[in-house]
Amino acid sequence: MATLRELKGRIGSVASSEKITGAMKMISSAKMHRAEADLRRQLPYRRQIESIIGNLLTADAEFSSPLTEAREVRRVGIVVLGSDDGLCGGYNINIFKDLLGRLRECREKWGEDVDFTIFTVGRKIHKAVAKLVDPHITVAYDETVNSKSGYDAIKAFAAGLSEKFLGGQIDEVKLLYMNFQSVSRQRLRYEQYLPVDAASFSAEGVKARCRPCIFEPDAATIFRSVLPMFLLSVMQEVFTENRASEQAARIMAMQSANDNAKNLLEQLQLEYNKLRQQSITTELLDIIGGQVKN
């Protein structure tokens, strides 16, 4: 049975843990709100790019770009975004498990001989993916690109993927990341990045916002110039979504840890009070017993 001193020490440790998890939750909350604000700031730019492409599609012109050319898929690139830091629950584990399922899907679709290059963003997800042992899987990790990367690093990363696609090193590029919806809700998203499916811009929702325009020098040239800008905006949004989702997952993990610490603290406090009461009762009985003998 624990002594009063031991219980007091445990109560102090748990109380400290509760304060730490509470502080970490507040920090993660601030970071998440900052990422949310970044997403809102990026939205007008993304919409403007889509509007320009929608206007181009309404023009009577032929469009072609090396970034939209589909070819036989023998080499697949998958960009997997996770976290650089821990204490975010099952965030990275869920992404890794989904990745394994996507690899199986690709092999069912294109055959067992398809080669994969997995581009990992985040130390924790890289650590998990690096354990895959398969002759058809290559893991590419750039330490200069992480979940906290800014505009310049993201731009260089997106340009590198485009160069690999245009050079024939990769036939298709997919993105796997957590889509941020709310603090308690993040969903895995798996979408195509390259080649760009131009048909996706012909949706009525995009065209409805467009007006007749005069293009200079010509619509096809503008289309080829705007497409890389669109790809960069997509990559920026994906990185920001990942950042917001990571912090949201960490908030939930810290909330759970904080709740557990509170429950444990209550139990220890109750046990401490009972033991203290027993100790006081024993001392009183000893005093009364001594007086009776005298």
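# Reading a predicted fold: a tutorial

Tutor: S1 and strand S2 (residues 115-121) run parallel and pair over seven bridges. Keep in mind that this is a predicted model.

Student: Which residue of S2 stands opposite Val76?

Tutor: Phe116 is the residue of S2 that Val76 faces.

Student: In what sense do S1 and S4 pair, and over how many bridges?

Tutor: S1 and S4 pair in the parallel sense, over five bridges.

Student: How many residues of S1 are buried?

Tutor: Six of the seven residues in S1 are buried, and the strand is mostly covered. S4 is mostly covered too, with nine of its 11 residues buried.

Student: Which strand pairs with S4 in the antiparallel sense?

Tutor: Strand S5 (residues 185-194) does, and it pairs with strand S4 (residues 172-182) over nine bridges. Tyr177 has Arg189 of S5 as its bridge partner. Met178 stands opposite Leu188 in S5.

Student: How many residues join S4 to S5 in the hairpin?

Tutor: Two residues make the link from S4 to S5.

Student: Now the whole chain. How many helices and strands does the protein chain have?

Tutor: Six helices and five strands. Their order along the sequence is α-β-α-β-α-β-α-β-β-α-α. The β-β step in that pattern can be set beside the hairpin from S4 to S5.

Student: What does the radius of gyration show for the protein chain?

Tutor: Compare it with the value for a compact globule. For 294 residues that value would be near 19 Å, but the protein chain has 28 Å. Then look at the box. Along the principal axes, the C-alpha atoms fill roughly 115 × 45 × 30 Å.

Student: What share of the contacts in the protein chain joins residues 24 or more positions apart?

Tutor: Among contacts with a separation of 6 or more, the share is 79%. For burial, the figure is 41% of the 294 residues. The accessible surface comes to about 16,600 Å², and carbon and sulfur atoms hold 52% of that surface.

Student: Let us turn to helices. Where is Asp38 found?

Tutor: Asp38 lies in helix H1 (residues 4-58).

Student: Is Asp38 buried or exposed?

Tutor: Asp38 is buried, because its relative accessible area is 18% and the cut-off is under 20%. Beyond its neighbours within four places, Asp38 is in contact with Thr240 and Arg243.

Student: What does Gln247 touch?

Tutor: Setting aside residues up to four places away in sequence, Gln247 touches Ser28, Lys31 and Met32. Gln247 is part of helix H6 (residues 219-293). Gln247 counts as buried, because its relative accessibility is 8%. Sequence distance and spatial distance can also be read together. Gln247 and Ser83 lie 164 residues apart in sequence, with their C-alpha atoms 9.3 Å apart in space.

Student: What is phi for Leu87?

Tutor: Phi of Leu87 is near 60°, a positive value in a residue other than glycine. Leu87 sits in the loop between strand S1 (75-81) and helix H2 (91-110). Leu87 counts as exposed, because its relative accessibility is 55%.

Student: Is the peptide bond from Leu194 to Pro195 cis or trans?

Tutor: The bond from Leu194 to Pro195 is cis, with omega near -5°. Pro195 has its place in the loop between S5 and helix H5 (204-207).

Student: Is Pro195 buried or exposed?

Tutor: Pro195 is buried, because its relative accessible area is 5%. Not counting residues up to four places away, Pro195 touches Leu67, Thr68, Glu69, Ala70, Phe165, Asp171 and Glu172. For Glu172 there is also a distance. The C-alpha atoms of Pro195 and Glu172 are separated by 6.2 Å, and the two residues are 23 apart along the chain.

Conventions: Residues are numbered from 1 along each chain as its sequence is written. This is a predicted model: local features need pLDDT of at least 70, side-chain atom pairs count only at pLDDT 80 or more; totals for chains, interfaces and linings use all residues. Side-chain values use heavy atoms; hydrogens and water are left out. Helices (H or I, at least four residues) and strands (E, at least two) are DSSP runs, numbered from the N terminus. The radius of gyration is taken over C-alpha atoms; the globule rule is 2.2 Å times the number of residues to the power 0.38. Buried means under 20% relative accessible area, exposed over 50%, partly exposed in between (1.4 Å probe, protein chains only). Contact means heavy atoms within 4.5 Å. Accessible areas come from the Shrake-Rupley method with a 1.4 Å probe; for residues, only the protein chains shown count as cover. Two strands pair if DSSP finds at least two bridges between them.
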